[in-house]
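Please consider the model shown below.

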Amino acid sequence: MGFTGEWAIGAVPDAEVAALPGRFAGPAGEWTIPPHYAEDLAWWLSGGDREPYFTPGPTPAALRFAAFASSGGPSAPAVAAMKDAGTDLLRGTEGSAAFVASARKGDPATALWYGLGAEAAARLPGWFGDFLLTAAEVRAVLPHAESVLAVTGPGRTEVLARIDAWMSAMSDVPDFDANTLLDGPLRVLRYAAANGTGAVGVTRSY
């Protein structure tokens, strides 16, 4: 069976963002670390992001990174509930306050993280596209996001080529517009900073 991966980002009221974690503090349960998480993270940060990923088909490195990105990092029942609540907050956002990317049998957020590489992607908030930022946190992270998403010249060309390679090999959308993964998230974060709102990012597959 096929699936569609989606990454949605929106500017949402600051008070809603600030209150959200508290709604799940009680029944959160114990957070667990996925198997091999530490080893995969160390691999990615120590040069695994620059190994050959496509020759032209996916290499073991590409498959390892895809599995690592989709593992979710630390998890608990509350994580799924918070993602659902984050999705609810995003309903009604539109225009410059919203961004959505989707790909059949693909994951747009993972494509961006691969495109940027480990060092640059570490400047983005959250975990592979999932984040919850208050207005103050939006203002704090915006300069870091701008430093990697507003890249120009040869640097942008390289990032776009890597995104294209990922989407061509790891999705059913080979003609995906890689520019949207740089421009869309940055547009929403800039909007949130300018309007004093929080921001939410949610990745899902269905």
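This is a predicted model: local features need pLDDT of at least 70, side-chain atom pairs count only at pLDDT 80 or more; totals for chains, interfaces and linings use all residues.

Residues are numbered from 1 along each chain as its sequence is written, and side-chain values use heavy atoms, with hydrogens and water left out.

Helices (H or I, at least four residues) and strands (E, at least two) are DSSP runs numbered from the N terminus; two strands pair if DSSP finds at least two bridges between them. An open sheet of 4 strands has the order 2-1-4-3, with antiparallel pairing. Strand 2 and strand 3 (131–133) stand at the edges with a single partner strand each, so one side of each lacks a neighbour in the sheet. From one strand to the next, the twist averages 10°; axes are lines fitted to C-alpha atoms, for helices over the stretch in contact, and angles run from 0 to 180 degrees between N-to-C directions.

Helix 7 (residues 135–149) touches strand 3 and strand 4, and its direction makes about 110° with that of strand 3. Helix 9 (residues 179–195) touches strand 1, strand 2, strand 3 and strand 4, its direction making about 155° with that of strand 2.

Strand 1 (residues 4–12) is largely enclosed by the rest of the structure, because 8 of its 9 residues are buried, that is, under 20% relative accessible area with a 1.4 Å probe and protein chains only. Strand 1 is joined by 7 bridges to strand 2 (residues 98–104), and the two run antiparallel. Within this pairing, Ile9 stands opposite Phe99 and Gly10 has Ala98 as its bridge partner. With strand 4 (residues 198–205), strand 1 pairs in the antiparallel sense over 8 bridges, and Glu6 stands opposite Arg204 there.

A pocket is an open set of points on a 1 Å grid over the protein atoms alone, with protein on both sides within 12 Å along at least five of seven lines; lining residues have an atom within 4 Å of a point. The second largest pocket holds about 170 Å³ of space, a volume being the space filled by probe spheres set on the points, which are joined across faces, edges and corners. Helix 2 (37–45) and helix 6 (118–121) each supply at least two lining residues, and helix 2 gives the most, with 3 residues. The lining includes Leu41, Trp44, Phe68, Trp113 and Gly126. Its residues divide into 11 nonpolar, 1 polar and no charged; Ala, Val, Leu, Ile, Met, Phe, Trp, Tyr, Cys and Pro count as nonpolar, Asp, Glu, Lys and Arg as charged, and the others, Gly among them, as polar.

How values were computed
On a 1 Å grid over the protein atoms alone, a cavity is a set of points where a 1.4 Å probe fits but cannot get out, and a pocket is an open set with protein on both sides within 12 Å along at least five of seven lines; lining residues have an atom within 4 Å of a point. Buried means under 20% relative accessible area, exposed over 50%, partly exposed in between (1.4 Å probe, protein chains only). Contact means heavy atoms within 4.5 Å.
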